[in-house]
Amino acid sequence: MKKNTFVEGTIFASLSYLIMKILGAVYVIPFYAIVGALGGALYSYAYTVYSLIINMCTIGIPNAISKIVSEYNTLEMYEAKERTLKTGNKLVAIMSTILFLVMFIFAKPMAYLFIGNLDSTGNSIEDVVLVIRSISFCLLIVPYLAIKKGYLQGQKFVTVTSNSEVIEQFIRVTIIIVGSYLAIKVFKLSTGVGVAIALLGAFFAGIIAFIYLSIKIKRNKDKINLPKEKQRDKVSDKTILNKIIKFSLPLMVISIATDLYCMTDLSLVIRGLTYLGYNGASAETIASVISTWAIKICSIANAVTFGLCINIIPHMVSDYIKKDFKSINNQFIKSLGIAFVVGFPMSVGISLLSHEVYLLFYGASEYGGIILRLLPYAIFMSNINLVINSVLQSLNKYKVIYLSTIVGLATNAILDIPLMILCSKIGIYTYYGAIMATLIGSSLSVFISLRSLKKSMNFKYIGLLNIIKKELLPLLAMIVVVLTTQHFIKGLFTGRMIMIVPCIIYALLGAIVYGFISYKTGLLYDVLGNEYIDSILRKLRLKK
């Protein structure tokens, strides 16, 4: 194991997340064919509930562990750093057990929250209860895995945690495909049972990844700055526990609020569409596309934001302790610059090729391509908000996190149904209203956070504005090339699996044009730095 620099750590984390999301997006091609649209809706219900509950343990506490470990490492308080890991494990042991019992016991009320008394064309309450209880077992292992990742990331060991995530995803995807196929196609069990078996894949994958990290830590004790014998830092266990709670509580509250809204949003979309004339099966299908299936494709484009979120905290904390505010501002601009330069063009590409990409992954769909045309922009803005919240947490700006998130969610909630009705009235796809509400709410949250950082810490955004201005030319060129190519070869490829050929052609041409112009204009140097770009060019033998 070796420690990673900010850019290097971001690239490693982003690449691993990209691989994870590619696996996560590719597996749905056979999985969706096995379970169908209603099976896909079942999967969405289970993961929506699971996301709400698991985030209580895996969003706030691991990030808090990462932050505290980074702080103690910077101060050379290595014994306190190790006690932080032990304290985090004890806290998670209590929380995960309680949350598992809550999710397992109250699965039926949760199921009613989603589908209520939906007509007989949709899923049954019993099926929804089964899949919710199936995924609840993940709560017994995944939180411990997240704690280990936070411990290593706080010491800037990003590569090993990134590898563990790829291993975890590979095992999970394998179980999902093989398990659901055997259950439904071979043993002729119900779709609900097949989806439930698939959901258990996350439990077994978590165990394998946990074992991998444990072995890595054991074999690399000399690199982790373990304390000397009989050393005990002047920090009590109570102080460490209070720090964990203090640092994790804001993100936990925000995560709970966000996931509660996502559950409510899913329910509102179903009820809103039903009110506007859609039958139960269509309403469920549209809602699952918005909340799960299209998002899986969008998440490929936003891999870089995930890399930034997990990598930025230890670097920001280290600079904050040293009171190097200029470096903090520069890191912040670089973070958002990377997200815009790498993530945004990928989102644009998915939007331009929405029908082709959705057909490739899930087959023909009445709604999928239409939804994927707009959704990438809402997801991109939501992920920008996540990066900013990670920075705010590192700088102890918890009130800003609360304010921006509450205002964004409230705006989203208020506009959801009215915008759906408005879209229906003016002839726009009804479900675009829900997507636009998300986009507006996330944008408002970003604006509030940026304004607060400028006011309280004198952050300057001129560097980010210059990056965005420089990005316009390569982005426009990419769009022109993709649309022109699409015009000439559209219709030549019509089959689902053969659709991979035009998608690869569009992606390669767009990436080459965008990358070449970005390099020539100096945009890549501005964002990733001279040293990193030159090292890549030397490896490719494009520069001496």
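Contact means that heavy atoms lie within 4.5 Å. The model shown is predicted, and local features need pLDDT of at least 70, side-chain atom pairs count only at pLDDT 80 or more, and totals for chains, interfaces and linings use all residues. Residues are numbered from 1 along each chain as its sequence is written, and side-chain values use heavy atoms, with hydrogens and water left out.

**View 1. Helix 3 against helix 4.** Helix 3 spans residues 60–74 and helix 4 spans residues 78–105; they pack at an angle of about 170°, with their axes 8 Å apart. Axes are lines fitted to C-alpha atoms, for helices over the stretch in contact, and angles run from 0 to 180 degrees between N-to-C directions. Helix 3 and helix 4 are therefore roughly antiparallel to each other (under 35 degrees is roughly parallel, over 145 roughly antiparallel, 65 to 115 roughly perpendicular and the rest oblique). Helices (H or I, at least four residues) and strands (E, at least two) are DSSP runs, numbered from the N terminus.

**View 2. Glu76 in the loop between helix 3 and helix 4.** Phi of Glu76 is near 60°, a positive value in a residue other than glycine. Most residues other than glycine have a negative phi. Glu76 is exposed, with a relative accessible area of 54% (buried means under 20%, exposed over 50%, partly exposed in between, with a 1.4 Å probe and protein chains only).

**View 3. Lys156 in the loop between helix 7 and helix 8.** Helix 7 covers 142–153. Lys156 also has a positive phi, of about 70°, although it is not a glycine. Its relative accessibility is 24%, so Lys156 counts as partly exposed.

**View 4. Lys185 in helix 8.** This helix runs over residues 158–186. Lys185 is partly exposed, with a relative accessible area of 39%. Leaving aside neighbours within four places in sequence, Lys185 is in contact with Ile34 and Ser180. Lys185 and Ile34 are 151 residues apart along the chain, and their C-alpha atoms are separated by 7.7 Å.

**View 5. Asp265 in helix 11.** Helix 11 is made of residues 237–275. Asp265 has 12% relative accessibility and therefore counts as buried. From Asp265 to Ala434 there are 8.1 Å in space, C-alpha to C-alpha, and 169 residues in sequence.

**View 6. Helix 12 crossing helix 16.** Helix 12 (residues 280–301) and helix 16 (residues 368–394) pack with their axes 9 Å apart, at an angle of about 60°. On the side of helix 12 the contact is made by Ile286, Val289, Ile290, Ala294, Ile295, Ile297 and Cys298, and on the side of helix 16 by Gly368, Ile371, Leu372, Leu375, Pro376 and Ile379. These residues divide into twelve nonpolar, one polar and no charged.

**View 7. The whole protein.** The secondary structure comes to 22 helices and zero strands. Of the 544 residues, 56% are buried. Among contacts between residues at least 6 apart in sequence, 83% join residues at least 24 apart.

Definitions and conventions: A crossing is left-handed if the near helix is turned anticlockwise from the far one by less than a right angle, and right-handed if clockwise. Ala, Val, Leu, Ile, Met, Phe, Trp, Tyr, Cys and Pro count as nonpolar, Asp, Glu, Lys and Arg as charged, and the others, Gly among them, as polar.
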